[in-house]
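Here are some friendly notes for a first visit to this model. Please keep the structure open beside you as you read.

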Amino acid sequence: MLKYCCAGVVVLAGASAANAYDLFTDDAAFEAAILPGFYLEDFDGYTYGGFTGEDLTLEANGWRYTIDEAGTGSSGLWSGDGNMSTNSALNYLTVTFDPTADKGLPTAVGGWFFPSEINGFYIPGPMLLTITYDDATTDLYAWDPVSDTDFRGFGGTKPIAEFWIEAPDDIATAWPTMDHFYAAEYIPAPGALALLGLAGLASRRRR
């Protein structure tokens with residue numbers, strides 16, 4: 001799942017997505033649809049280039065997950081000014097949830113996911129999000145964020161094992177970046193879940 005062109009993202013997602021989730025584009029609406037005791041990580045304690053480790057495990061309110069990266073580029077994470085990204089534009093971010101945490105696996109995730117340029121600032125471009133459930137099935141979601149606070153949230157009945165965040169390189173080189181990240185338990189609306197379609201070298205970390 002490495003660096004598809006923009007058109008390739010849409011084709012792949014359209015062919016593979018099962019859409020076992022309700023989609024949220026509004027932060028407040030998402031928060032109203034999850035149980036209290038969620039974990040919201042804003043990465044406020046991180047500074048530009050202040051974290052360059054291989055992975056990062058975070059835990060709060062009974063939830064625990066590890067942020068890592070994968071791909072063909074140089075290894076390591078890289079923190080922006082209050083967000084988390086990868087050292088290499090060739091890689092994507094992976095979030096792996098710990099089923100042994102007090103609350104187990106979440107059924108809802110959400111946040112700000114956007115492509116950034118070499119200095120860590122938002123640039124226009126496509127994003128690809130992959131949800132892997134505990135039964136090994138996956139959902140793919142592709143869209144073009146309009147800012148670094150363009151919210152996307154996903155809630156359903158299936159426990160989420162992994163969440164991948166990719167900024168495909170098309171014309172411009174882009175780094176996947178995450179912020180304002182939720183892990184939570186979803187409150188499904190009465191009746192069946194809606195089946196939603198697809199939406200539509202200044203730094204040493206960048207190499």
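1. A search of the whole structure finds 22 aromatic pairs. Here rings of Phe, Tyr and Trp (its six-membered ring) pair if their centres lie within 6.5 Å, with planes under 30 degrees apart counted as stacked, over 60 as edge-to-face and the rest as tilted. Ring pairs gather Tyr 21, Tyr 39, Tyr 65, Phe 97, Phe 113, Tyr 141, Trp 143, Phe 154, Phe 163 and Phe 181 into a cluster.

2. A word on the source: this is a predicted model, in which local features need pLDDT of at least 70 and side-chain atom pairs count only at pLDDT 80 or more, while totals for chains, interfaces and linings use all residues. Residues are numbered from 1 along each chain as its sequence is written, and side-chain values use heavy atoms, leaving out hydrogens and water.

3. Take a look at Phe 24 and Tyr 186: their ring centres are 5.9 Å apart and their planes stand at 75°, so the pair is edge-to-face. It links distant parts of the chain, with Phe 24 in strand 1 (residues 22-24) and Tyr 186 in the segment after strand 13 (175-184), 162 residues apart. Strands (E, at least two residues) are DSSP runs, numbered from the N terminus. Phe 24 counts as buried at 14% relative accessibility, and Tyr 186 is buried at 8%; buried means under 20% relative accessible area, exposed over 50%, and partly exposed in between (1.4 Å probe, protein chains only).

4. Phe 151 and Tyr 182 have ring centres 6.0 Å apart and planes at 90°, so this pair is edge-to-face. Phe 151 belongs to strand 11 and Tyr 182 to strand 13, 31 residues apart. Both residues are buried.

5. How many salt bridges does a search of the whole structure find? There are 4, each being a side-chain nitrogen of Lys or Arg within 4 Å of a carboxyl oxygen of Asp or Glu. Asp 135 and Lys 158 form one of them, at 3.3 Å from N to O. Asp 135 sits in the loop between strand 9 (127-133) and strand 10 (138-143), and Lys 158 in the loop between strand 11 (151-155) and strand 12 (160-166). Asp 135 is partly exposed, at 41%, and so is Lys 158, at 22%.

6. Another salt bridge joins Asp 150 and Arg 152 (2.9 Å, N to O). Asp 150 counts as buried at 12% relative accessibility, as does Arg 152 at 9%. Shared partners also join Glu 59, Arg 64 and Asp 98 into one salt-bridge network.

Technical notes: Helix = DSSP H or I, 4+ residues; strand = E, 2+ residues; numbered from the N terminus.
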